[in-house]
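User: Please take a close look at one part of this model for me. I would like the charged side chains and their pairing treated in detail, then the surroundings.

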Amino acid sequence: MLREESRACVRTTLVLHEGILDEIVALDHDVLNTRVVMPRRRRAGVALPGLLTSAWSHSRLRVRS
């Protein structure tokens with residue numbers, strides 16, 4: 001039900017948050033004594049395709065309008 005231009009952003013956010021939850025599990029849920037960090041390389045690997053998809057979607061919508 002999301003607008004097409006918003007879908008890539010929301011999908012990227014979902015995957016990034018899933019990654020944070022994976023890191024919490026890897027720390028055995030010890031979030032009070034250790035800061036949970038998702039590695040930059042993994043964040044970039046998730047965010048870059050989302051950015052490209054979003055840019056492509058925006059350009060398609062501008063052409064249609």
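Analyst: Start with the charged cluster. Asp-22, Glu-23 and Arg-42 are joined in a network of salt bridges. Keep in mind that the model is predicted. Side chains of opposite charge can pair when their charged atoms come close.

How many salt bridges does a search of the whole structure find? The count is two.

Take the pair of Arg-42 and Asp-22. Their side chains meet in a salt bridge, with N to O at 3.2 Å. This pair links distant parts of the chain. Arg-42 sits in helix H2, while Asp-22 sits in helix H1, which covers residues 4-26. The two residues are 20 residues apart.

Now the pair of Glu-23 and Arg-42. Here the closest N and O atoms are 3.4 Å apart, again a salt bridge.

Is Arg-42 buried, partly exposed or exposed? Arg-42 has a relative accessibility of 34%, so it counts as partly exposed.

Buried here means under 20%. Which backbone oxygen does the side chain of Thr-12 reach? It is that of Ala-8, at 2.8 Å. Leaving aside neighbours within four places in sequence, Thr-12 is in contact with Val-46, Ala-47 and Gly-50.

Last, a nonpolar site on the surface. Which residues form the nonpolar patch? Leu-48, Leu-51 and Leu-52 do, with about 330 Å² of accessible area together. Leu-52 lies in helix H2, which spans residues 40-64. The relative accessible area of Leu-52 is 56%, so this residue is exposed. The cut-off for exposed is over 50%.

To recap, Arg-42 takes part in a salt bridge with Asp-22 and in one with Glu-23.

Notes:
Residues are numbered from 1 along each chain as its sequence is written. This is a predicted model: local features need pLDDT of at least 70, side-chain atom pairs count only at pLDDT 80 or more; totals for chains, interfaces and linings use all residues. Side-chain values use heavy atoms; hydrogens and water are left out. Patches are made of residues with over 30% relative accessible area and no salt bridge: like charges are joined within 9 Å, nonpolar side chains (Val, Leu, Ile, Met, Phe, Trp, Tyr) within 5 Å. Accessible areas come from the Shrake-Rupley method with a 1.4 Å probe; for residues, only the protein chains shown count as cover. A salt bridge is a side-chain nitrogen of Lys or Arg within 4 Å of a carboxyl oxygen of Asp or Glu. Helices (H or I, at least four residues) and strands (E, at least two) are DSSP runs, numbered from the N terminus. Buried means under 20% relative accessible area, exposed over 50%, partly exposed in between (1.4 Å probe, protein chains only). A polar contact is a pair of N or O atoms within 3.5 Å; within protein, one must be able to donate a hydrogen and the other to accept it, and residues adjacent in sequence count only if both atoms are side-chain atoms. Contact means heavy atoms within 4.5 Å.
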